[in-house]
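This briefing concerns the model displayed here. It is arranged by topic, for reading alongside the sequence and the coordinates.

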Amino acid sequence: MQATRRNLVLTSLVAVLCFSWPKGSEAGGDVLAVIVNKANPVTSLGQNELRPIFQTTKKVWSFGEDAIPINLPEDSPLRNDFDQAVLGLDPERVARYWTDRKVRGGARPPVRVPNTAAVLRAVAAKTGAVGYVRFSEVNGSVKVVAKISGGRLSGP
Amino acid sequence: MPSTTALARVALLGSLFGSSLARSALAQPAPAPPAAPAVAPDPKPPVAEPPAAPTADASELAQLRAEVEATKKEVEELKAAQAEAAAAPAEEPVAEQEKLKIYGFADVGFQYVQINKQGLLANVYDVNEPDFVLGNLNLYFDAQPIENWRGLMEVRFTNAPQGKITGFGGLGGSFQRQSTFTDDSTGAALNAPLWGGSVVIERAWIEYNKLQALKLRFGNFFTPFGIWNEDHGTPTLISLAWPQFMTQRWMPLRQTGVMAYGNAFAGSWELGYAATLTNGRQETSTLNIDGYLGYGGRLYARRDAGDVNSTLGLSFFTGKTRDKVVSITANEPEVIWKTSSTFEYNEYVMGADVSVDVGRTRIRSEGVLRRIVYTPGKREPENQLLAPGGQEPDKWQQTVYLLVAQQLPHPLEMFEPYLWGEVFETPTLVGDGIFMGSAGLNVRFNSAITWKNQYAHAKFFDWMYKSPYDTSKNDLNQFYSRLVMAF
């Protein structure tokens with residue numbers, strides 16, 4: 001009887017924790033294109049190049065222009081896919097990362113825009129900008145330098 | 001029965017029709033609602049659909065073809081319009097950083113520190129009672145008014161020095177406690193009470209950061225030394241308690257001057273440096289009253305690869321410090337001024353640090369070595385209560401700590417217990433060795449709110465020197481609990 005009650009309490013506790021713990025957004029599942037301005041001479045970008053740019057620890061391209069990473073909102077499934085593939089972090093850890101950076105007084109996070117149309121506009125307008133959109137949304141105003149599919153980053 | 005060819009045509013049309021509309025829906029801006037049900041057929045192959053009516057004939061197929069063509073045309077028009085909109089200069093500003101951001105952190109909670117009532121620490125500080133406390137209330141003003149320039153000001157609001165013990169009773173002394181009480185002269189009542197506090201400037205600097213390899217920071221900044229002074233705040237630090245080399249200020253925690261810093265990348269590694277030229281220690285004055293500058297620096301290598309992150313760092317600081325005392329030695333026929341110092345020493349501080357994050361495990365370790373050499377005749381007095389007439393010796397000081405934190409697996413990932421051990425050696429009258437053993441539990445409700453708890457036991461002992469006093473009287477047990485919010 002006592003054991004049953006203990007099991008019940010433990011089960012309830014686990015259930016409460018499961019339900020109260022915030023869940024990450026569902027993965028978008030879209031194929032993403034990492035895009036840069038057409039004037040950017042870079043033809044492809046790997047994780048080692050993209051990660052420091054989107055962590056804002058690297059702020060200048062090799063050709064001298066300021067690197068301007070453009071992010072989507074934290075609750076965007078595309079943003080979650082991108083962060084997982086490029087930073088290797090789930091949404092909770094991304095949030096912690098930026099909280100820690102703020103407290104340390106580190107450089108600001110990337111500029112955030114509301115949607116992929118705004119990403120396309122920003123990347124098309126600024127030479128040093130880099131962002132990501134669905135592959136199907138890419139148009140002639142930008143250049144694709146990497147692709148993210150199935151959570152993996154690959155060449156364009 | 002419809003023929004196989006007819007079914008295949010219907011399947012092809014259904015597939016084309018569905019995928020065109022799916023592309024059309026995808027081409028909309030992200031937050032747009034799904035297409036209206038009337039134009040949102042299942043894009044899957046028609047094997048999942050009910051078979052076309054047996055009456056499907058050439059006219060129906062032609063009608064479907066026409067509809068598909070119309071839809072395709074519509075999609076092409078939408079794509080063209082979108083491309084045009086993206087290529088055209090937008091009227092609204094394109095992705096700009098905010099010129100001023102305000103954020104911060106705060107923590108409140110509970111603490112209980114237990115020490116032998118005959119110990120020094122038990123009487124210098126208010127302990128042995130349970131306390132609810134207001135910990136940090138820090139605000140950041142982060143300004144980026146123009147490109148490549150940034151200013152960061154962090155201030156802390158505190159009730160200190162309200163209640164600080166400033167004098168002891170007995171043996172000719174009188175007990176005194178500082179009060180910030182005053183009347184609120186602007187209050188709505190004549191005798192409205194008011195307790196003042198302090199605003200501490202944690203840091204205030206302006207930097208020019210155009211170049212990756214050479215950024216320049218001017219003003220008041222945290223000394224770039226090791227892990228703790230960089231992590232700085234309760235939301236970021238794993239432990240609530242500080243290592244002893246921080247509380248005993250083996251290096252100046254913050255300095256005023258200029259800092260050059262930068263970094264470069266090699267594969268997955270980031271290599272960085274910081275070099276400082278400052279007024280040195282600011283315990284006595286924020287100005288360079290001793291005439292000696294402080295020099296410091298840090299080198300680090302960081303690999304940030306998602307699941308396995310590591311940082312190796314080396315830090316140093318050196319400076320000469322003295323106080324400045326102004327005296328009048330004569331006043332006839334005119335006032336003669338003389339400046340001198342009561343103490344003067346050189347210090348050399350070196351630290352090495354390692355941070356490793358592997359999955360859910362976080363490991364932090366720092367070792368610090370400090371050498372102090374006094375100028376002959378300029379030694380500081382030791383604690384005169386314990387050693388009347390005593391003077392500080394030249395000394396070596398050394399410490400190392402290891403902290404291991406482990407976030408629990410799903411569904412208990414909100415819990416992060418940790419263990420911390422610290423050994424600290426410095427000659428003092430209450431023993432030259434301190435061992436701190438600690439266990440803590442952080443409960444992270446979300447990225448903004450954490451409940452942090454820590455129990456620590458500090459043991460004083462004779463390591464290399466023999467103390468004339470009972471070192472165990474200062475052993476202490478402490479429990480801290482803080483609810484921390486980052487905002």
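The structure is a predicted model. In chain A, an open sheet is built from 6 strands with mixed pairing. Chain B contains 5 helices and 22 strands. The largest nonpolar core comprises 35 residues, and another core, of 10 residues, lies apart from it.

**The sheet of chain A**

- The strand order in the open sheet of chain A is β3-β2-β4-β1-β5-β6.
- β3 (111–112) and β6 (152–154) of chain A are the edge strands; each has a single partner strand, so one side of each lacks a neighbour in the sheet.
- Strand β5 (residues 142–149) of chain A runs antiparallel to β6(A), and 3 bridges join the two.
- Within this pairing, Ile148(A) has Leu153(A) of β6(A) as its bridge partner.
- As a general point, the strands of a sheet pair through backbone hydrogen bonds, in either the parallel or the antiparallel sense.

**Helix α2 of chain A**

- The buried residues of α2(A) are Glu49(A), Leu50(A), Arg51(A), Pro52(A), Ile53(A) and Phe54(A).
- Asn48(A) also lies in helix α2 of chain A, but this residue is partly exposed, with 16 other C-beta atoms within 10 Å.
- Once neighbours within four places in sequence are set aside, the contacts of Asn48(A) are Gly267(B) and Ser268(B).
- The C-alpha atoms of Asn48(A) and Asp83(A) are 13 Å apart, and the two residues are separated by 35 residues in sequence.
- Thr56(A), which follows α2(A), has a positive phi, near 55°.

**Chain B as a whole**

- Of the 487 residues in chain B, 25% count as buried.
- Among contacts in chain B with a separation of 6 or more, 59% are between residues 24 or more positions apart.

- Strand β17 (residues 361–374) of chain B is joined to strand β18 (residues 395–406) of chain B by 12 bridges, and the two run antiparallel.
- Gly367(B) has Val400(B) of β18(B) as its bridge partner.
- β18(B) pairs with strand β19 (residues 415–425) of chain B in the antiparallel sense, over 8 bridges; here Tyr401(B) stands opposite Glu422(B) of β19(B).
- β19(B) and β20(B) are likewise antiparallel, joined by 11 bridges, and the bridge partner of Leu419(B) in β20(B) is Ala439(B).
- β20(B) pairs with strand β21 (residues 449–461) of chain B over 12 bridges in the antiparallel sense, with Leu441(B) opposite Asn453(B) of β21(B).
- β20(B) and β21(B) form a hairpin, with 4 residues between them.

**The two faces of β20 in chain B**

- Side chains alternate along strand β20 (residues 433–444) of chain B.
- On one face, the buried residues are Ile434(B), Met436(B), Ser438(B), Gly440(B), Asn442(B) and Arg444(B).

**Met259 of chain B**

- Met259(B) belongs to strand β10 (residues 254–266) of chain B.
- Met259(B) is buried because 24 other C-beta atoms lie within 10 Å, and the threshold for burial is 20 or more.
- Apart from neighbours within four places in sequence, Met259(B) is in contact with Arg217(B), Phe221(B), Pro224(B), Ala274(B), Ala275(B) and Thr276(B).
- Met259(B) and Ala275(B) are 16 residues apart along the chain, with 5.6 Å between their C-alpha atoms.

**Nonpolar cores**

- In the largest nonpolar core, of 35 residues, those touching the most other members are Val34(A), Ile35(A), Ile70(A), Val119(A), Val123(A) and Tyr132(A).
- At least two residues of this core come from each of β1 (32–37), α2, β2 (68–71), α3 (77–87), α5 (116–125), β4 (129–134) and β5 of chain A.
- The greatest contribution to this core is that of α5(A), with 6 residues.
- Another core lies apart from this one and has 10 residues, among them Ile115(B), Ile434(B), Ala456(B) and Ala458(B).
- Val123(A), leaving aside neighbours within four places in sequence, is in contact with Ile35(A), Val36(A), Asn37(A), Ile70(A), Ala129(A), Val130(A), Gly131(A) and Val142(A).

Technical notes
Residues are numbered from 1 along each chain as its sequence is written. Chains are lettered from A and ligands numbered from 1 in the order in which they are written. This is a predicted model: local features need pLDDT of at least 70, side-chain atom pairs count only at pLDDT 80 or more; totals for chains, interfaces and linings use all residues. Two strands pair if DSSP finds at least two bridges between them. A residue is buried if 20 or more other C-beta atoms lie within 10 Å of its own, exposed if 12 or fewer, and partly exposed in between; C-beta atoms are placed from the backbone. Two residues are in contact if their C-beta atoms, placed from the backbone, lie within 7 Å. A nonpolar core is a set of buried Ala, Val, Leu, Ile, Met, Phe, Trp, Tyr and Cys residues joined through C-beta atoms within 7 Å.
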